[in-house]
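Colleague: I've got this two-chain model open on my screen and I'd like to walk through it with you. Can you take my questions one at a time?

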Amino acid sequence: MKFLTALFAGILFGGGLLISGMTDPANVLAFLDLFGEWRPQLALVMGGAALAAAPAFLYIRRRQRSLLGEAVTLSDRTKIDAPLVLGASIFGVGWGLSGICPGPGMLLLLSAQATAWIFMAALGAGLLLAGRLTSSPR
Amino acid sequence: MTSTSVLNSLLGGLLIGAGAAMLLLLNGRVAGVSGILANVLGAQTGEQGWRLGFLAGMLVPALLYGVGHPLLPSGWPLAVIAGLLVGVGTRLGSGCTSGHGVCGLANLSARSLVATLIFMATAIATVFIVRHGLRP
């Protein structure tokens with residue numbers, strides 16, 4: 001059951017990534033290129049997604065249990081520490097260099113381009129490497 | 001910007017948000033792709049079913065309709081460097097565009113707002129240097 005509900009949620013999520021055009025690094029880089037031919041699409045995608053998900057977060061935060069009775073663990077909303085700032089900074093540089101973040105990167109594995117596989121292998125290595133350095137898995 | 005691309009962006013965003021909402025409402029989990037990947041790869045706990053389900057589901061639409069032939073970063077050195085930075089950064093910062101940018105903002109998290117503003121800023125700076133900064 002947990003597998004099936006997550007599978008369906010994943011289908012919606014992946015379909016959204018595909019329709020939004022965010023699997024094409026050119027669209028992502030066009031948003032990040034404020035001083036070129038700027039295109040605001042990414043903000044619409046991210047903002048639209050956050051707005052659509054907000055009621056569910058509001059509801060579940062009060063309820064503390066999922067509709068199927070699962071315990072809910074939402075992360076800290078206020079802690080702003082050095083790993084957060086450093087990690088987000090590093091992620092942004094990699095994202096700016098490639099135009100690919102982890103979600104779209106997953107879908108790009110299906111593009112059958114070697115670069116996508118190399119990128120995702122390095123991403124996986126980076127996740128494991130940083131996981132060894134920190135003790136806060138999420 | 002054409003009206004089609006505006007519509008696609010909004011519809012895509014709505015679906016991404018609906019997927020994140022569904023995972024939270026039914027599974028009680030946050031749809032953060034970097035976190036899900038890290039836990040699958042690191043085999044953190046025995047609870048991998050929902051993670052594998054979500055990752056598999058993500059691929060279904062692309063399997064059916066394809067992802068086209070987007071232009072990816074040229075050359076493997078760039079792919080390795082960028083991939084490593086994204087992996088290390090998202091793990092250290094506990095989230096990526098989905099975990100902080102979508103779910104964190106939906107959860108009205110100040111922590112995620114700060115993370116999102118920072119990775120946007122360094123990404124914009126990086127693109128600026130690559131595209132405009134190195135010209136004579």
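This is a predicted model: local features need pLDDT of at least 70, side-chain atom pairs count only at pLDDT 80 or more; totals for chains, interfaces and linings use all residues.

Colleague: Which pattern does chain A follow along the sequence?

Modeller: Helices (H or I, at least four residues) and strands (E, at least two) are DSSP runs here, numbered from the N terminus. Chain A comes to six helices and zero strands. Read along the sequence, that chain's pattern is α-α-α-α-α-α.

Colleague: And how many helices and strands does chain B have?

Modeller: Chain B reads α-α-α-α-α-α along the sequence. Its C-alpha trace spans about 55 × 40 × 35 Å along the principal axes. The count for chain B is six helices and zero strands.

Colleague: What percentage of the residues in chain A is buried?

Modeller: A residue is buried if 20 or more other C-beta atoms lie within 10 Å of its own, exposed if 12 or fewer, and partly exposed in between, with C-beta atoms placed from the backbone. In chain B, with its 136 residues, the buried part is 60%. For the 138 residues of chain A, the figure is 55%.

Colleague: Among contacts in chain A between residues at least 6 apart in sequence, what percentage joins residues at least 24 apart?

Modeller: Two residues are in contact if their C-beta atoms, placed from the backbone, lie within 7 Å. Taking contacts between residues at least 6 apart in sequence, chain B has 42% that join residues at least 24 apart. In chain A, that share is 34%.

Colleague: Now the contact between the chains: which element gives the largest share of the side of chain A that touches chain B?

Modeller: The contact takes 106 residues from chain A and 99 residues from chain B. Elements giving two or more residues to chain A's side include helix 3 (41-63) and helix 6 (114-133) of chain A. The largest share of that side, 19 residues, comes from helix 1 of chain A.

Colleague: By class, how many residues on the side of chain A that touches chain B are charged?

Modeller: Ala, Val, Leu, Ile, Met, Phe, Trp, Tyr, Cys and Pro count as nonpolar, Asp, Glu, Lys and Arg as charged, and the others, Gly among them, as polar. On the side of chain A that touches chain B, 67 residues are nonpolar and 29 polar. The charged ones number ten.

Colleague: How does helix 1 of chain A sit relative to helix 3 of chain B?

Modeller: Axes are lines fitted to C-alpha atoms, for helices over the stretch in contact, and angles run from 0 to 180 degrees between N-to-C directions. Helix 1 of chain A packs on helix 3 (residues 49-65) of chain B at an angle of about 40°, with axes 6 Å apart. Angles under 35 degrees count as roughly parallel, over 145 as roughly antiparallel, 65 to 115 as roughly perpendicular and the rest as oblique. So helix 1 of chain A is, relative to helix 3 of chain B, oblique.

Colleague: What is the handedness of the crossing of helix 6 of chain A and helix 4 of chain B?

Modeller: A crossing is left-handed if the near helix is turned anticlockwise from the far one by less than a right angle, and right-handed if clockwise. The axes of helix 6 of chain A and helix 4 (residues 76-92) of chain B come within 6 Å and cross at roughly 35°. Their crossing is right-handed.

Colleague: Where do the buried residues of helix 2 of chain A pack?

Modeller: Seven of the eight residues of helix 2 of chain A are buried, so this helix is largely enclosed by the rest of the structure. Among them are Pro25(A), Asn27(A) and Phe31(A). The buried residues of helix 2 of chain A pack against helix 3 and helix 4 of chain A, together with helix 6 (110-133) of chain B.

Note on methods
Residues are numbered from 1 along each chain as its sequence is written. Chains are lettered from A and ligands numbered from 1 in the order in which they are written.
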